[in-house]
Amino acid sequence: MKRSVPIVCFGLTLLWSVAASGGETLDRINKQRVLVGAVDPSYPPFSFLNDKNQMDGFDIDIAKAVAARLGVKLRIETPSWEVVTAGHWRGRWDVCICSMTPDKQKAQVLDFVVAYYSSPAVLVTTAQNAALTTAPDISGKRIGVEQGSSYERFLQKDLLIPTPDGKPLTYFFDKVRIAPYGNEDLAFQDLSLGAGKRIDAVLSNYGTAKLRLDKMPGKFKIVGDPLYNEPNWVAVDKGDTEWKVLLGQIIGEFRKDGTLSRLSNKWLGKDITQ
Amino acid sequence: MQTTSPIRKGASGFSLRVAAVWLGLLLIFAWFVSSFDLDFSIVFDKLPNLLGMELSSEGALQGVPLTLLVSVGSMIVAVLLGLLSALGRISSSAIAYGVATFYNSFFRGTPLLVQILFIYLGLPQLGPVPAAIPAGIAALSLCYGAYLSEIFRASIVAVDPGQWEAGEALGMRRRTILARVILPQALRTSIPSVGTMFISMLKDSSLVSVMGLWEIMFLAQSYGRSSYRYVEMLLTAAVIYWILSMVLEVLQARLEMWLRGHA
């Protein structure tokens, strides 16, 4: 009998955490008058440290708008991606408006509320590279991606995301050699050595690629049309259904009243939220 | 020391020539870096933040002061843990020896990043939800305490066993001999190794940024990415760490000299 005590304790804890979760997040936010948002610390122009040493960007502005709508202040925290996507936040963060693409693995530990924008995946190579003109040219080439990103999954032909027409993604390439990097900057550093030296191109999203092209003129170019469109969702910790519904309504309002379009135009120069 | 000091004393202008070698090596390093085609203008904009001269917009410590807080706090706790664990290692109690060796083996044998995440993500599953700074200090001090315990144990064992016998002959208790005779000598010989550990910890403390702490490496990487001047910012962080390490080296040398005078 003694042995079962820890198991009972564990069971009770589990029960308690499930029972206490209805609307718990909103209660906490209202009590502390603060919405705590987790974001990626460096994902310009969606979230990054600006010249004033503050987190800024498209994702941050949306989080600010949500906080304003709730009538509370916003506090931004920047835990690493691994920590956020491990789930089990235990009240540390209320929401992650952080350009997250849902997949089967993440959906097991996080709840996805609503898609708020869709980012085109684009191929970037050096400005001089004439060997890559359309996306299918990547067959047999060496392509840099951020480790653990959806772009890596795509090149592995293993990306399961909802598409607009409901059809699975088409993998139009063969024998691509994947070069995963700890972060995109290292991939672009290698690409700038010259196409083919270490890698031939980098697969990334339009938003971050466009900004890099603008900031470093004459070095890189985007190859052809986007490869596919990737939905980005608002994510929350598992369990609090009321909070999930409320957040979904708020983002829905922002879509209707033009807030999302305005912020998208402000940060990306075009509307990627439709 | 005994073999090198006569040579040093005999050579005139030794320190001058050492300075010349340093200058030469620094110039080679500067030439190597200058070949990277870098633009350092951004560095001066961001330097005050890296040095942590202001609090972050959320009112938290950042940059150098945060790195120092985490490192110094962890070092103090680590020294205590290391001493305790070293005493456990030389203890005749099976429990003390068992706990000390298990602790030592686990925290020396597993990656520091895993330990940090274990504490930060694992503890909340049991109940307490530690904040990032305490979790970081806990992980760093547990890990480095295990390394230090080996250093302390080796220094204690290295003290001539005759000293134990002499103490016993004088009718002193084992505990008194340890506290009054053995440990003062052991700690003095362990200073260089402890100093090395401290410098190593200073840099390992950058791992706490996974919990969202804005220490030196976090800021350098974030600024580097948002300004597309990644290598420049990393080099700046490297120089800051190097200067901090040199300050520690000087402090360590002072401490050694001071202890030699008080032996």
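This note goes through the predicted model of chains A and B, point by point.

1. The C-alpha trace of chain B spans about 70 × 65 × 30 Å along its principal axes, and of its 263 residues 33% are buried. If one looks at the contacts in chain B between residues at least 6 apart in sequence, 70% of them join residues at least 24 apart.

2. Within chain B, one pair of helices deserves a careful look, namely helix H5 (residues 94–109) and helix H7 (residues 132–158), which pack at an angle of about 120 degrees with their axes 8 Å apart. The crossing in which H5(B) passes H7(B) is left-handed. On the H5(B) side the contact is made by B:Ala100, B:Tyr103, B:Asn104, B:Phe107 and B:Arg108, while H7(B) brings B:Leu142, B:Cys143, B:Ala146, B:Tyr147, B:Ser149 and B:Glu150. Sorted by class, the residues in this contact of H5(B) with H7(B) are seven nonpolar, two polar and two charged.

3. B:Leu80 lies in helix H4 (residues 63–89) of chain B, and it counts as partly exposed because it has 13 C-beta neighbours inside 10 Å, whereas a residue is called buried at 20 or more and exposed at 12 or fewer. From B:Leu80 to B:Leu112 there are 32 residues in sequence, and the C-alpha to C-alpha distance in space is 19 Å.

4. Chain A contains an open sheet of six strands, with mixed pairing and the order E5-E10-E6-E9-E7-E8. Its edges are strand E5 (96–100) and strand E8 (177–181) of chain A, each of which pairs on one side only. On average, and with direction ignored, neighbouring strands of this sheet are turned by 30 degrees against each other.

5. Inside that sheet, strand E6 (residues 110–126) and strand E9 (residues 201–205) of chain A run antiparallel and are joined by four bridges; A:Val122 stands opposite A:Ser204 in E9(A). Helix H9 (residues 241–256) of chain A lies across E6 and strand E10 (220–237) of chain A, and it runs at about 55 degrees to E6(A).

6. Where the two chains meet, 20 residues of chain B are in contact with 24 residues of chain A. Helix H6 (112–126) and helix H10 (216–227) of chain B are the elements that give two or more residues to the side of chain B that touches chain A, and H10(B) gives the most, with seven residues. That side of chain B divides into nine nonpolar, nine polar and two charged residues.

7. In soluble globular proteins, nonpolar side chains tend to be buried together. The largest nonpolar core here has 96 residues, of which A:Cys96, A:Val234 and B:Leu148 touch the most other members, and its largest share, 14 residues, comes from H7(B). Leaving aside neighbours within four places in sequence, A:Cys96 is in contact with A:Gly37, A:Ala38, A:Val84 and A:Ala235. Apart from this core lies another, of 27 residues, among them A:Ala121, A:Leu123, A:Ala187 and A:Ala195.

Technical notes: Residues are numbered from 1 along each chain as its sequence is written. Chains are lettered from A and ligands numbered from 1 in the order in which they are written. This is a predicted model: local features need pLDDT of at least 70, side-chain atom pairs count only at pLDDT 80 or more; totals for chains, interfaces and linings use all residues. Two strands pair if DSSP finds at least two bridges between them. Axes are lines fitted to C-alpha atoms, for helices over the stretch in contact, and angles run from 0 to 180 degrees between N-to-C directions. Two residues are in contact if their C-beta atoms, placed from the backbone, lie within 7 Å. A crossing is left-handed if the near helix is turned anticlockwise from the far one by less than a right angle, and right-handed if clockwise. Ala, Val, Leu, Ile, Met, Phe, Trp, Tyr, Cys and Pro count as nonpolar, Asp, Glu, Lys and Arg as charged, and the others, Gly among them, as polar. A nonpolar core is a set of buried Ala, Val, Leu, Ile, Met, Phe, Trp, Tyr and Cys residues joined through C-beta atoms within 7 Å.
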